[in-house]
Amino acid sequence: MNPSFIMEYLSELSQNNNREWYHANKNDYKKANAEFEALLQTLMLEIGKFDSSILHNHPKDLTFKIVRDTRFSHDKSPYNPAFRAHIASKGKLPVPVGYYLMIKPANQSFLGGGLFADMFKDATTMVRDYIVRNGEEWEKIIHEPAFEKNFTVQGTALKNVPAGYEKEHPQAEYLKFKSWYLEYPLKDDELGNAETFSAKAAELFRIMKPFNDFLNKALVDFQMPTR
């Protein structure tokens, strides 16, 4: 495996974000994508040591396209110069939540977890209600020393506690959230060695797992909207 080639390709794509360059260098894209899938496979085997629910997945089914939908964006760049994947028991679907990886040059890479999507109103309600009923468990998870050292709960949030929830609830600040996720930033040089990176990433995902488990218990009855 050669993660450095992934970074080199993405750096060049960032500087030449146009269809002509992309198609002229399609073989390099295929090679970089293969390197990313190999890295994912190594990472999945490490994650599988503490979460076997993800091992049935194939790396190629967990990745996202680099082609951007520019229809409603001021930025008309055709490609997102990043390789991204979501590793969860049901693949790359946003629910159940799992382990997210984005590789992007210029120190923009990160590891993530939790519920990033805030457009699913049912999911938001389920998590809020579960926090209301299980506040002590929530607090124990987010204040565990290794968790606090590496993560801060983030997410789109309202200014006020939403209607139907107690304003004085002990977890009122988290009831304002519409999504609950974690991000751990990565520097470019941390992606130099595939085995070292995979071991570090897996350890961070292990620390993250109780947070994901909490959200997945809240979302056990969630159904993805049908198009």
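Trainee: Which residues form the aromatic cluster?

Mentor: Tyr130, Trp138, Phe147, Phe151, Tyr174, Phe177, Tyr184, Phe211 and Phe214 form one cluster. This is a predicted model: local features need pLDDT of at least 70, side-chain atom pairs count only at pLDDT 80 or more, and totals for chains, interfaces and linings use all residues. Residues are numbered from 1 along each chain as its sequence is written, and side-chain values use heavy atoms, leaving out hydrogens and water.

Trainee: How many aromatic pairs does a search of the whole structure find, and why is the pair of Tyr22 and Tyr79 called stacked?

Mentor: The search finds 21. For Tyr22 and Tyr79 the centres are 4.4 Å apart and the planes 25°. Rings of Phe, Tyr and Trp (its six-membered ring) pair if their centres lie within 6.5 Å; planes under 30 degrees apart are stacked, over 60 edge-to-face, the rest tilted. So Tyr22 and Tyr79 count as stacked.

Trainee: Why is the pair of Trp138 and Phe214 called tilted?

Mentor: Their ring centres are 5.2 Å apart and their planes stand at 55°, so the pair is tilted.

Trainee: How do you know whether Trp138 and Phe214 are buried or exposed?

Mentor: Buried means under 20% relative accessible area, exposed over 50%, partly exposed in between (1.4 Å probe, protein chains only). Trp138 has 0%, so it is buried. Phe214 also has 0%, so it is buried.

Trainee: What makes Lys31 a charge over the ring of Phe5?

Mentor: NZ of Lys or CZ of Arg must be within 6 Å of the ring centre and within 35 degrees of the ring normal. Lys31 lies over the face of Phe5, at 4.3 Å from the ring centre. Lys92 sits over the ring of Phe64, 5.3 Å from its centre.
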